[in-house]
Structure formats: structure tokens, C-alpha cells
Amino acid sequence: MHSSIYLTVLIVVPLLGALIAALVQKTPGLSYVVAVVTSCVELALALVVAVLYSPHVKGAGTWDFMSRHVLSAPLGLAYDVGLDGISLLMMVLTALVLVLALFGARDRRQEAAFVGWLLLLTSFTMASFLSHDVLEFFIFFELTLVPSYFLISGWGGAQRSRAALKFFIYTFTGSAFLFIGILYLGFLNQHQTQGALTFSYSALQGASMTHGTAVWLFLAFAVAFAVKSPIFPFHTWSPITYAEAPTAGSIELSALLAKLGSYGLLRFAVGLFPLALATLRPLILTLAVISILYGSLVACATPDLKRLVAYSSLAQMGFITLGIITGSKIAMVGAVLLMFNHGVITAGFFLIIGFLEKRRGSYQIKDMKGLQGPAPVFAAIFTVVMLASIGLPGLSGFVSEYLILIGTFGTHAWWGAAATLGVVAAAAYLLWAYQRVFQGKATGANAEIADANAKERWVLVPVVVLIVALGVFPHPVLDRISPSVNQLIHHVAPAGVKK
Amino acid sequence: MAHVATLILLMPLVGYLFVLANGKGLSERAIGVVATGVVALSFVLTVVAFFLLLGHSDREMTVHLFNWISVGSLHVNAALLVDPLSITMCLFVTGISALIHLYSIGYMKGEKDFRKFFLYLNLFVFSMLLLVLANNLLVTFVGWEGVGVCSYWLVSYYFDRDSAASAGKKAFLYNRVGDIGLLIAMFLLFHATHTLNYLGIFHAAGTLSPTVATLTVLALLLAATGKSAQIPLFNWLPDAMEGPTPVSALIHAATMVTAGVFLLVRMSPVLAMSPDGRATIAVIGGVTAFVAATIATSQKDIKKVLAFSTVSQIGYMVLAVGVGAYSAAIFLMIAHAFFKALLFLGSGSVIHSLNGEQDMRKMGGLAKYLPLTFPTFLIGWLTISGIPPFAGFFAKGDVLTNVFEHNKPLWVLGIVTAILTAYYMSRLFVLTFRGTERFREDTHGHDPHESPWVMTLPLVVLAVLSILGGLINLPWAHGRSLAEFLNPVLGYVPHVAAASTAAQWGLAAVDVAAAVFGLLAAFSIWRNITESSRYESSFLEHVWHWDDFYDATIGRPLTEVAVFSDEVIEPKVIDGAVTGIAVATRNSAEGLRKLQSGFARQYALAMVLGFAVIIVYLVARVH
Amino acid sequence: MNVPAAWYLILAALLFGVGAFGLLTRRSVLIMFMCLELMLNAVNLTFVTFSRSLSDIAGQASVFFVMVVAAAEVTVGLGIVVAVFRQRASTSVDELSGLKG
């Protein structure tokens, strides 16, 4: 068992970075440098932790780096951190997305505040993924809304205020149900154990409840996560929010924060209320399949690139939800892997769209045509990212998607078959978008645009490398995820989960 | 042997990476030499592997590369299976690819994206080899999708043409629909046999229930129709002619489109478990062959004729698979690779000499100007028409004999198709090489020139192969034929009485008669005319209005639903509900606001009323 | 002669009722204050009556509290009325509806 100090440092470093960036804001450009240094340190540390992580820890199964400090016994408030195979990838993703956002989507207006909010967001997200205590998770889950709101409303597009407000209130309302559920569960557990009020994940996993209670609590938890991911029909905040957010904001939101929803669904909803699964499975599977197909359908008709990626994300989150809920171990591992892969892919999309927007002044599809001629490097990288999203074998997206589909087919064949249609749908809207934007003859302003410069290429390199590497060699990553999924399933087994 | 097999696979990838890494620094000549060289080397290694395999007692060998995916009960390795079927496929894939790479050096000379073309070609060959050498369905799928995406890139190579871009997208999407079939087949097989490994599946094939077997076979058929351009997913292939001619020759004649047939043959032990599945396959094959042949008779573009001809010939192969004549299907596949590549490359030579003209109405009389293209094309024409003793006669004859043994109605359809084949190919030949010269406008008055040696050498080689190709599976050569070689790999087929020798001679005679009839008919009709409303029909020219049908039933309705969803359902219905909640909240707030009227007396009244309620409650509670 | 406690209570109730009625129906702020005083004094009477009949001094102590509060409230209230009167020259309470939602 490694020391939890690593995790605490991971949470505190961005906070310190934000503080220092605020202190040096008078010197132009210095806060950006501070942020960049912080992000590199954070990523290095995340990778170190990922390598150090060992899936076989005595007494704690697959949990490593654990520690718990009770802050207030009567309130049940505690600082409790831990890392397992499922949160491992999310931790790395958090650090990676920060680096990509800072390097690829810099915004020089009021830079100190901008990087400050980004760093705070990273810190809070990291804390959410690393927390082993349900209440602590909730607190940081809610806290991530604050920097997001300010990023969108301060640096976004024309309708940013409306988008930020809609995003904040919609997510916050969903979380209200989550809060009630958490409190109820905590008190239920206290009543059963006749001990102190605690929200520790391990403790709450042991709470026993009637089937009806489990269903209500699951729904309460699931509503918040369904809004966050998003899952149909709670998705309407995401197109406008992703479109109006600044590029760094879009990247953080879709690549990272959306995963808080799926992570919460897997870790807390499924992990704590297995009894409810058998009843609620058909409903959630149906919503997931609708997300996949409906998201792809609308993406075909949407007029701008950012909304297209938003609907594409809706479809991908549908796949993730499918894998989490379907009750197959293979599918669940696929879902965890897809959470990471989709983060990388969607970061790639928004980075390229951001670069194009800087050159063309718009992200509307009708303003772009034939860009492959003047900008072949952008076209090539966009193609790689696009093919990964479509699920071309040899690239990362395929491995995760395939695992989900083959697992789902085994437990719920009809839903699996319907979801497989999503494979064609994804190709349809992405190739159609590619044709309109990159192929054809470029004229006027489109013919004049500059191809990717060196800095932009370097930002996109890690994206491409990860996409290819995880497509050809997913083995080391899968080895780290599987034991933790096993452990989760072990607990969920009474609900009928297949190997 | 293991190293040889791995090298066969990796050589094209090495070529790809080398050219990719060296950026713009390489000359056209260097790129051409490297790209062609690696494929030629692959071919040489395949020949070595072939002889090694002949000497191997097991006639089958697994080469493990690395552990790819291992989750729960799903274990998939990146591994190769070297057996007669895969080596046969490798032989003609690498051989023909090498010839086409050589040809492309001449054809694509001076093109702006010369380097990119060869990058895609090398990557394509790598994917195709991965497809045929894989030892499990998932790695096959990697190769399957790989050739699909390379096809997408190569068809839309002239990306600034909207028609090319659309054609590439269409090819990819139709392939993807077929891929759903392969995915579902994989899922069904995995959950029934717990493995995706070919050898594992074949051992467990006997345990498959009839329903699962039939569903799997139908799913595999769907995949095959997508990749091999059969009904109902064939109409992407003619559009794919937008790509450069070498692409059409390699991908859409000789290699990628045969992948579907290969898959079905590879999975023959599973096919053996489903008579209904096989019957469906046979019908699809036969009908496609016929329909495509009818369409080819009315096409004006030389490449489109050849495209539909490909669909038709693959229909024959699928038909052969359906009746269980697997080795006949492979035989025709190999012969078809020879003569179709020859015909496509020959047509490329013609197009090249006429500065890009592809309309046959503007050709004619080219025989005397193209001294190498003309005779090689002639051989290709005779071969595909089924004239003995060329390869086409033996291969098609093998297929038709087997069909006759199992299914007479489909045999009749096959013979009619053979007549049509001879007819439309002869029509093409006459319009292009004989008759009056109609191309002077395109060549600006000059004479057309023959192509350089890099382009004509492959033509000669392919012509020789077309002449001699029949030798690999002569009906009377037992012990030294393709069928014998492949036998251990193929699934069991229910035994049907083989035709007697007399019957075989009779069938051969019918084949020849059909070919000659079609040939003579075309010569007599098309000698002097270039268009004819009597012998050409708009219905046939427009592919039986297949594209329009799909557009009307699937394309347009889906587009309307998508637009409707984006413009109405999203903002007004779903988001409307969300905004509705916000609006309702605001309205109720407005309503409640009225309580705060600001009038002190009203507040006082409220207090009094509340007070009264409390008193009543307290008094009532006491009692 | 012993006046039964009930009569005091009835008197107090009547006074309270009159005061409440006046508070609700009169428009003049000054009259409303007078009604308020009436209600307060009715409550005082009730407190004293019960204090006497239950022999508990707490009731009479409460009266002192009520008187102090009444005095303070009148002071502040009349001060506000004077300030408002200087602005508007009217003591109708219906016109003072500025603090509405």
C-alpha cells in the first residue's frame, strides 16, 4: 500500500498553482507560465502514481494509496482518498486534459483569472475522482460547477451567459436529488450500525436496504449523473454549453467533467445499490441506446462543428452507460476504458475546432470547405481522431466500443444489436461533416488558411499517440482496470452480473 | 516459417512507415521503387512460405505475435494462421498488388499527391494481408476495416471533386452497414463457443444450434454483401470508380471485394451447419450476378462496365459458396483477379492514352495505336467471356458445373448471365478497339500513344496468367489441383452425385455456346453504332433505379428525421420541457408575488386568519 | 364583592375584538395604532386576571414587559408616521405599499 500523500499532493498542486498565478497577475504572461509549470508537474505526478499503482493490496483488494481523516464526526465529514483501477485512468485524464487545454487553447484576455479557474477546476475534479467518501465526492462534484460557470460566462461566445446559467442550474438541480440520496443513505447506515454518522464508501457499501428503497436511492443518484454525463433526455444543456464555452472550457467539460457523471454512475449508483439494478436495467439500457442513436441522428443535421461534437459525445456517453449498466464484466471494463479514450478523442476534436475557429472566425460548417487542400496536416489529424471516434480497429476507440458491444450482446442481445447500429450512425455524421469541411474545392478565405504550426502540432501529438498506442496495445491498461471491475462486480453479484 | 509469415505481413507496413517518415524528401522514383519493392518482396516470401507449407506435415501453423485483448473470458491474440487458404490468398494478393504498384508508377506520374497514393496503397496491402492471415475473427476484422478505410481514402483521392468525396463516403458507409453483420456474427459465435479463434470455432462448430448457425451465416452474408458489393449493398462499387484506375484494379477488382467471399469460405465449417443460410447465399449470389450483368450492358463509361462486371463475377463466387463449391469459388477468385486486373489496367492504359476520356462513345479504332494494350486486353476479354482454353473458361465452368449439381434453376440463371457477360464485354471491346475513330477531339488531332513499360509490363504478365491460369485447377488433374490443396481447410458439404464425364463435357459445350452466342451478338449489333435505344435501356443504365430507391426509402426519410430532430424535437420538445419548467417556475413566482401587495392591512388580515386557524386547531386537538 | 374572573376575560376579549376590527378596517395610521394599543391592553387585562386567579406572579410580570414593548413600539411607529407624513401629507395606510414583491 502506497502512501496517500501522493493523492493529496495531486489535489493540492493545482490549488497552489492557482494561488501563485493570482499573486503574480500584475506581470503579463507570468501567470500563464506558472499554470503551465503546474500542469506539467501535475501530469508527471499523475503518471508516476499510475505506474506505482498496484492492483493487489493486502486487505483493501484493489484500492491503493488510501487514508481517511475524520474532520467532523457529528457531521460525518471526512477527508478520505483512495485510488483503484477505475479511478486510475480518470486521474491521468484529469492531468492530461489540463495540459492539453493550457497548451492548445490559451486565452490571453484576463489570463490570470482564466488559468486560475482552470487550475481550480482541475483540483476539484481530481479530488472528486480520488475521494473514497461519498459526501466528499459530492462536495467536490458540486464545487466543479463554480469554475466551469465562470469560465463559460467570462470567456465564452455570444450566448455565454445563457449557456452558463442553464448549465449551472440544470446540473445543480440534478445534484439536489443526489444530495438527498446521500444523506438518506448515511442516516440509514447510521441507524443500522448504531455507530457514528459516516459517508465512507466502504462503510456505505455494507448498508442493507429494502428493494424499494434501493430503487428510489438509485434513481436519486442516477438523475444527477444522467444530467452530468449527459444521457437522453437530460442532454439539452450540452449543445449550447459546449458551443458557447471557450475552447479550453469545451475541452474540460466534454473530455473530463462529463466523465464525473459516468464515474458516479458506476462507482456510486451501481456500486451502492445493486438491488435496484435488476428492476431499472431495461429503462436505463433503453435510454442509453436512444442516446446513441438519437445523438448520431441529430449530429447529422446540426449546422455547427461544436454542437456536432456535443451530440457525438451524447452518443459515446450512451455507449459508456450501456457498458456500465448491462451487467457484463467485459462491457464494464470496456466502459471504463471508453471513458478515457473518449476524453482523449473529444479533446482532440475540440482542439482542432479551436484552431480552425481562430483562423476562420467561426465554427459553422457552412463557413468551411475544402480545407484539406490548404491544411493537409489538420485534415490528417482530424481524420485520425474521427476514425477513432467511429471505432476503426487499430485505434483506441474500437477496443473499448467492441468490449462494450460484445458484453452487452451476451446479456441483452436486442439492446446490443440496436447499439451496434450506432457504429454506422457514427460513420455517417462524421464522414458527412468531414466531407463538407475538408473535402471539395477551397475558395476565398478557406483557401488562404494556414496549416497547423509547430506548437499546434506538438499539442496534438499526444492525442494521436494515445489513440494509436491504446488501439494496438491496450493490454497494460486493461490489466489495471480488470481487477477493480472484478471487485466491484463481486459486490454487485447478487444482482446477476455475468462474467 | 513463423518469421517468413510475419515478414510477409510486415513488409508493406515497413514500406508505409518508411515513406511516411521520409516526408517530402523522396523523389517519385524512390517512392515507387520502395513501395513496389516491399510488396514484391512480400510476394517472394509468400512463394517461399507456400513451399514450406507443402513440406509441413500439418498443413497449418499458428504464428503468435502478441497478446492483444484479454478481459474476462475474452482472449484475443494478434496471431496469424498459415494454412492453404491463407497462403493461396496471399499469393495472388501480393502478386497482383506488386504488378499494380509497378503500373501506378507510370499512371500516377506527376500527380501532386504521388507520395500519399503509395502510402495508402502500401497500407491497403498490409490490411488485406492481415485480413487473410489472421487466426481469429477480430484480427480479420481489423484488416477488414483497414481495407475499408484505405478504400475510402483512395476513392476520394481527388478530394477536391465533390463526386469523388461522396463516392468515398458512400463506399465506407455501405461497408459499415455490412460490418454490422460481421460484428453480430462475432458476438453470436463468441457467446456460443467462447472463442473468436478460427480453429476453436471450427472445433466447436458442431455444437451450434441451427438457429444460432443460421443467424450467424446470415450475418456473415450481410458482411460479405457489404464488402464484396452484392445485393443489397452493391451500389457503392460503381461510384467507387471515381478513384484512380489502379485503385479500381487493385481494390475493387482483385483484392478488397474478394474479402467477403474469403470470409464465407473461411467460415465454411459454420456454413456447413446451416442449409438455409447456404441457400440464401446461393440465391443472393445468383441474382446479383444476373442483375449486375444486365446493368453492364447499358453503361457508357468503360470503368462502369468493368465495375458491374466485377459485381457480377463476384456473384458467381458467392453462388459457388452457397452451393458448397468452395474451391471453385476460390479458383474463380484467382482467375478473376488475373483477368479483371488486366482489364482494368488495360482500360487505364486506354484512358491514359486519350487524356482521361472514359466514355466509350468517344473511343473506337484504337487497335492499331496501342500495340501492347490491344492484344493483352483481347486476351482478358476472351478470358472473361469464357472462351477456352483461357482461365475464365475453366474457372467459370468449375463454378457452373457445381451449381448444376445442386440447383438447376440457379444454373440456368448462371448460363443466362454468362451470355450477358460475353455480350457486354464484347460490346466494350468493339466500341473501344474496333470501329471508327471517335477520339480525335480528346487527343487534339494527335495519335494516341502506347503507355510506358511500367504500365505495359504488368499487362503482359497478367495476360500470360490469364492464359495459363486454368492449369491450377483442371477438372481432370486429380492430386495436383487447387481443390486438393484447399480441401483440408474447407467445411463439410453434403454430398451430391457429381456429374458424369459426359455431363461435364455437355456442360462445357453449353458454356462455350453461351459465350460464343453473346460474343457474336455483340459484334453484329455494335460494329457500326455507338448508341442504341433498342439495345440499351435507361432502367438498366440507372442500375434498376437502386440508388433512387434507397434514397427515397432510407436516405431522404432519415435526413428529414434528422433535420426535424435538430430543428424541432431538440429545441422545442425536449429543451422545451426544460425551459418549460423554468417558465412554470417563473410564472408561479409571479403569481405568488401578488401576495406581497405591500398593503399592511392585508398582512394584518393574513395574520388574523392564520391565528384563527391555529386556535381552532389547538382547541380541536384538546378535544 | 367578588367579580367572577370570567367577566374580566369577556371584557378583555371584547376589547381585543374591537381593537382587531378597528385595525383591519380603518385606514388612518393613527387610528390603527390606537387599536393596536387597545389589543395590547386587552391582553394585559387577561394576563392580570389569570395571574390573580392562578396565584402566579408571572402574569403580572409579563404585563410590565408588554407595557415596555408597547411604549417602544409606539415611539418608533409614531416617529415613522411623522416622517412619512412630512413626505406625503396623508396618513392613509393604503398608500404605503412601496415594499411590495
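This is a predicted model: local features need pLDDT of at least 70, side-chain atom pairs count only at pLDDT 80 or more; totals for chains, interfaces and linings use all residues.
**Chain A and chain B**

At this interface, 59 residues of chain A meet 48 residues of chain B. The two chains bury about 4,500 Å² between them, and carbon and sulfur atoms account for 71% of that area. Two salt bridges cross the interface. One of them joins K369(A) to D162(B), with 3.5 Å between the closest N and O atoms. Several helices of chain A each supply at least two residues to the side that touches chain B, among them α7 (160–193), α12 (274–301) and α20 (475–492). The most comes from α17(A), which gives twelve residues. By class, this side of chain A holds 39 nonpolar, 15 polar and five charged residues.

**Chain B and chain C**

Here the contact involves eleven residues of chain B and 13 residues of chain C. In chain B, the residues that lose the most area to chain C are G598(B), F599(B) and R601(B), which together make up 52% of what that side buries. No salt bridges are found across this interface. Helix α23 (residues 600–622) of chain B gives the most to the side that touches chain C, with six residues. That side of chain B consists of six nonpolar, three polar and two charged residues.

| Interface | Buried area | Share on carbon and sulfur atoms | Residue pairs in polar contact |
|---|---|---|---|
| chain B and chain C | about 960 Å² | 62% | two residue pairs |

Definitions and conventions. Residues are numbered from 1 along each chain as its sequence is written. Chains are lettered from A and ligands numbered from 1 in the order in which they are written. Side-chain values use heavy atoms; hydrogens and water are left out. Contact means heavy atoms within 4.5 Å. Buried area is the accessible area (1.4 Å probe) that two parts lose on being put together, summed over both. A salt bridge is a side-chain nitrogen of Lys or Arg within 4 Å of a carboxyl oxygen of Asp or Glu. A polar contact is a pair of N or O atoms within 3.5 Å; within protein, one must be able to donate a hydrogen and the other to accept it, and residues adjacent in sequence count only if both atoms are side-chain atoms. Helices (H or I, at least four residues) and strands (E, at least two) are DSSP runs, numbered from the N terminus. Ala, Val, Leu, Ile, Met, Phe, Trp, Tyr, Cys and Pro count as nonpolar, Asp, Glu, Lys and Arg as charged, and the others, Gly among them, as polar.
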